[in-house]
Amino acid sequence: MNLVDSFADFVGTVPCREVDLPWGRAQVWDAGAGRPIVLLHGIAAGRRVFFRLVPLLARSRRVIVPPLRGEDAPAPRATWEEMLEDIAALLRALDLGDATLFGTSFGGALALGYGARSDPRVREIRVQGTFKGFRLRPGDRLAHLLSYAAPASVGAAYFARCVRRGSDMKLLAEHAPGIDEFFPRWCAATPFATVRRRIALLHSLDLTGAVRAIRVPLAFLHGAKDRVVPRAFFEELRRLRPDALATLLEDGGHNLPLTHHPVLGTWLGEQKSLA
């Protein structure tokens, strides 16, 4: 696979396979060969944030990118444990072993939560721009509650303050047409109702015990200019697991797979510290 600047060009070249997951049949990106790495996307933008990263990793790794339930098609409401079971089902269905789990934002929280299961198929866990728990600010919490009644009119207000202003989100809009449709209706291919359900899972999320229970190598990466997940969440993870590799990218924002794919490709593919 060649590195491309257009998501549309990427979709035309990335190998896909159908996999039966607990919520239905899913189209999973499956590229390259070598030790597998599973990429878990964030709460809203979907898999397209990985379109520049996948070709880099596929030069030496087998890269698996599943959709989270609800990304490509409507899916039933899920609990946190059910979303973790989706990951387990994926690993079983593809018979993956010695795998790396890499998650960004919400996907990173899923990777941390799954790490507590001590699945022998997982060799290491690496996360970026993520958290062990997410505290909604009062204004965001109110907007979230109102979105149940009027998602079209409230959707933009919910994310605009911390997401829309970010330069990396503007870049995502340029290279992944459709992202702007989230304001007020969609975010990439993800229905707003699905985003709202994922946010609801975060209200009482506390992965403190899960993070402490992870026994495989663990690494945290965070962009100092991240407007979505504050640096304080990264510092909480560092304090919780001082033994983990923790790297702060001074010029990075939230969507590092899109904006800093060469750096992230090195961090994931060659297993070198960026510090």
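Modeller: Start with Asp20, which stands opposite Arg25 in E2. Keep in mind that this is a predicted model.

Colleague: How many bridges join E1 to strand E2, and how do the two run?

Modeller: Strands E1 and E2 (residues 24-31) are joined by 6 bridges and run antiparallel.

Colleague: What is the order of the strands in the sheet?

Modeller: The order is E1-E2-E4-E3-E5-E6-E9-E10, an open sheet of 8 strands with mixed pairing.

Colleague: Why is one side of E1 and of E10 left without a neighbour in the sheet?

Modeller: Strand E1 (16-21) and strand E10 (245-249) are at the edges and have a single partner strand each, so one side of each lacks a neighbour there. From one strand to the next, the twist averages 20°.

Colleague: Which strands does helix H3 touch?

Modeller: Helix H3 (residues 80-93) packs on the sheet and touches E1, E2, E3 (36-40), E4 (62-65), E5 (99-104) and E6 (122-128). The direction of H3 makes about 125° with that of E1.

Colleague: And which strands does helix H12 touch?

Modeller: Helix H12 (residues 261-269), packed on the sheet, touches E3, E5, E6, E9 (218-223) and E10. The direction of H12 makes about 170° with that of E9.

Colleague: What about the chain as a whole?

Modeller: The protein chain has 12 helices and 10 strands. Of its 275 residues, 58% count as buried, where buried means under 20% relative accessible area. The chain exposes about 11500 Å², with carbon and sulfur atoms supplying 52% of it.

How values were computed:
Residues are numbered from 1 along each chain as its sequence is written. This is a predicted model: local features need pLDDT of at least 70, side-chain atom pairs count only at pLDDT 80 or more; totals for chains, interfaces and linings use all residues. Side-chain values use heavy atoms; hydrogens and water are left out. Two strands pair if DSSP finds at least two bridges between them. Helices (H or I, at least four residues) and strands (E, at least two) are DSSP runs, numbered from the N terminus. Axes are lines fitted to C-alpha atoms, for helices over the stretch in contact, and angles run from 0 to 180 degrees between N-to-C directions. Contact means heavy atoms within 4.5 Å. Buried means under 20% relative accessible area, exposed over 50%, partly exposed in between (1.4 Å probe, protein chains only). Accessible areas come from the Shrake-Rupley method with a 1.4 Å probe; for residues, only the protein chains shown count as cover.
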